[in-house]
Structures are given as C-alpha cells and as structure tokens.
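Please consult the sequence and the structure shown below while reading.

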Amino acid sequence: MSKIDNKHLPKRMLVSSKKCESLCNCGHKHEIPSIKVVSDKNAYDLLARDCVKTYAKESVLLLDDENTHLAAGALVSELLEKRSVVFKPVTLPGDPVATDKLADEIHDLSIGHSLIIAVGAGTINDLGKYVSDKRGIPYWSVPTAPSMNGYTSSIAAIKVKGVKRTLPALPPQFIYVDPRVIQDSPLKLRQAGFCDVLAKSVSDFDWRIESLLLDGAYCSLPSAIASEPESKYIDHPEKILRGDQEAVLGLFEGLLFSGVAMSLAGSSAPASGGEHLISHFLDMRESLTGVKPNLHGLQVGAGVVLSAVCYQKLASLEEKELKNSGKEIFEADARKIPSVWGSLASEVEKQFLKKRDRLMQFDSLLPANWTELKTLFGRIRTPDFFVDLIRRTGLEMTLPSLGISKDEFYLAATSARTIRDRITVLDISAHAGILEDAASETIEMLS
Ligand SMILES: [Zn+2]
Ligand SMILES: [Zn+2]
C-alpha cells in the first residue's frame, strides 16, 4: 500500500457558521451541521486509518448492499481488514427498502458496535443514519452515487406501518468520497440525483408560500447554500449524461448542500415539497397496487414538472376565480382516502387531519395575499424548462418510461397532498381549483 501524506487529504467543513450568518435573513439561530468531507482517491484508506485512530479495538458495523458492495463496500472492507479494524460487515440483498422492520433488524445487529459506516446511497444511507441516531453512536458515510440529497440531512425516509415518514436521523460526522466511484456510478442514478436536486427550485417556493400565509418561518439561507454549486450541473445537463467529472461531482456537491439546507432549516421544507409527495405517494401505493416504485429521484422529477405546471396555472389565475370553498374541498378529498389507501387509510387520515385547520383558513388567506402570491408564482421556472433540462441528461422523461400509468399519476397528483401535514403547492392548487387541470396537463406533457 502506498504511503499517504495526511496533508494531502484535508477534511473540509461543508459550511461555516460565518457564511451562514451572512446569508441568514430571518434572524433565528440555525443549527449548523458539523459535517466534514474528504474527497480523494485514497479517501477509503483514510477512513480505515481514522477507524484505527478513533476506535482502536472497538467494533464498527459496516453496512452495504449487494450493489454498493461491488461499487465500494468490498474495497472499504479490504482496507479495514488491512488496518486490523474490528468490524462486522452486513451486506443486504440488492435494492433494499427502508422499512421500520428492516431498521429494527439493523438496530439489533448494531448492538455492541461503537460506530456505523454505511457504504451506499438512498436506503443504505437512510438506514445507517437512522439506526445511529436511535443507538446514540456516530455515523460515517461512504457515498456511492449522486442519486439523492439525503447524505447530509438530519432526517431519514422510513416506511412506518406502510406510510412513508421522515424521521430524525444523525447526519454523518465524516463523508469519505472517492471521486471515481461517484463519476462511474450508473447513469440512471445520476439522472435520479439530477431530478432530486432540481426539486429545490419548486419546493423552496412551497416553503416560502407556507411561510407567507401561515407562520413566517422562511429564511433564504438554506436556498442560498443549496444553490451555490448549481451552475456546475444545470448549465450543461448533457455532461451528466456523458459522465463528465466536473459536472457529476458538481451535481454530487449540489446534493450534499441540498441536504445541508434541510438541516439549516430544521425541516425538509427547502428541498422537499409537493413534488416529493408524488414520489412518496407512489412508494406507499406499492403495497396496494403491487407496482414497484421507480428510483426516488426519477419520481420526484415527474413531481417537479407537476409543481411547475401548478405554479404556471396559479400565476395566471385572477383573485375572483378562486373557489373559496375550503370546507367542501377538504371534505371531498378526505372522503376519497379509504378508497385510495385501503388498509393504510387511518394512518393517512391522521396526517391529512393535522393540516385541516390551516387549510380552512385558505378561504380568507388566499384572496388576502393573492397579489403577493402571484408575484412569487410568476418567478418559478416553467414546466418546459424542467422537462428540457431533464431530457438533456438522456432521460426519456415520460410517464410510461418511468413505469407510471396515467391513472396512477392522476391519482398521485390529486391525492398526494393527503399523506403529509405539510402545506405545499398541491394544497394551494386544490383550494384554488386548478389541481385537476394541472394533473391532466402534466400527463399530456409527459406522454
Ligand atoms: Zn435565517
Ligand atoms: Zn429527494
């Protein structure tokens, strides 16, 4: 093994408190995640040496799945062995799903270990940081693909009793990145990450609007942080398709910052709004329809287009056209829950009921703020802009190619707002009376 000079492997803090202070416009104190990243071809060996240094003879749980084992887990395992680290490797079957049951199994396996290292993206990372949080032990991450923004966030998406929930999780202390692994990740995962990072272009507005109407909690800091590396990947999406190193690593950086944005906000709001509900809806419906969901990011991509269509329609709606029949609209959607959700209906009803009181105020809040809202609606990029960007990464970006039927997408578009208590563009659209038209128009665009 070649000798590595530590000076050439600096761990850098993702964000500094000084920078956050200068970008905050809400005046509240933001929890600044202390995450250090090392990006180098020898990063995994540094990980092994850090394990020896920090944990000596204490045991470490190394989590991966069959796919990420091939991409990086096997090498990490080999290097840990070479450095005589005491560790227990756990390789899950390929494409695992983050359920409460699987999380409990990993939790049991983590007994007696002092650290969890997860080698992988979506599910593996969610399980690693969620179990670390429950167990009260540190978490280190070895990302294998720029496929989603969860590496740095303090939440994990876990299916609890069949319902997709975002639960508290421990962000990693350290992230060890081998740039070649990220660059060589499968195209589909890069495309998924590209769609996931685009979500912030609509979700940040969902949050802004919720804040304007209800709680005034919006701050522009998270969006400013998340948008910083945007030009590296958004200006030339073709480079994501080609696997250009600067663009793929720029996308990866964008995803890391998008996760940090959520931690800074103390919620997933800056990076997850109505567009994410579409993906969560499709994931949750698997148990009822038997249709296997597609990658999180790709489903989010379809959601981004829907949100952009909603915003475009809202921007051209006059105040006098607003429906102002909040009670009827809420009750009509609540009545549909049992037929859409079957055995999951009571869990979904609980979530939808939590926002009833806020939705009931829309009859007065929407007209009272319509002029200001319309200015915001008009600032959102058009649906064509997003479809074009996504297609330039080589993704066909049609519902059939995503494995989503028109009927299922229509149901997702018109019912997904019931599964979570957050206010999003889907709620505004439903109460303004344009959601059904927006759903049909999106289906047309993605046919
Ligand atoms: Zn702030
Ligand atoms: Zn996402």
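The following paragraphs describe the largest pocket and then the cysteines.

**The largest pocket**

The model is predicted. Its largest pocket holds about 1,200 Å³ of space. The lining of this pocket comprises 49 residues, and those nearest the pocket centre are Gly 122, Thr 123, Met 148, Leu 295 and His 296. By residue class, the lining contains 19 nonpolar, 18 polar and 12 charged residues.

Several secondary-structure elements contribute to this lining. Helices H3 (66-82), H5 (122-135), H7 (187-198), H13 (274-289) and H14 (296-315), together with strands S7 (155-160) and S8 (163-168), each provide at least two lining residues. The largest share comes from H5, which supplies five residues. At the level of domains, domain 1 (6-184) and domain 2 (190-445) each give at least three residues to the lining of the largest pocket.

**Cysteines**

A disulfide is a covalent bond that joins the sulfur atoms of two cysteines. How many disulfides does a search of the whole structure find? The search returns zero. Cys 310, for instance, takes part in no disulfide, as the nearest cysteine sulfur, belonging to Cys 195, lies 17 Å away. A pair of cysteine sulfur atoms would have to be within 2.5 Å to count as a disulfide.

| Residue | Relative accessibility | Class |
|---|---|---|
| Cys 219 | 1% | buried |
| Cys 310 | 0% | buried |

Cys 219 counts as buried because its relative accessibility of 1% is under 20%. Cys 310, at 0%, is likewise buried because its value is under 20%.

Terms used
Residues are numbered from 1 along each chain as its sequence is written. Chains are lettered from A and ligands numbered from 1 in the order in which they are written. This is a predicted model: local features need pLDDT of at least 70, side-chain atom pairs count only at pLDDT 80 or more; totals for chains, interfaces and linings use all residues. Side-chain values use heavy atoms; hydrogens and water are left out. On a 1 Å grid over the protein atoms alone, a cavity is a set of points where a 1.4 Å probe fits but cannot get out, and a pocket is an open set with protein on both sides within 12 Å along at least five of seven lines; lining residues have an atom within 4 Å of a point. Grid points are joined across faces, edges and corners, and a volume is the space filled by probe spheres set on the points. Helices (H or I, at least four residues) and strands (E, at least two) are DSSP runs, numbered from the N terminus. Ala, Val, Leu, Ile, Met, Phe, Trp, Tyr, Cys and Pro count as nonpolar, Asp, Glu, Lys and Arg as charged, and the others, Gly among them, as polar. Domain bounds come from an automatic or database domain assignment. Buried means under 20% relative accessible area, exposed over 50%, partly exposed in between (1.4 Å probe, protein chains only).
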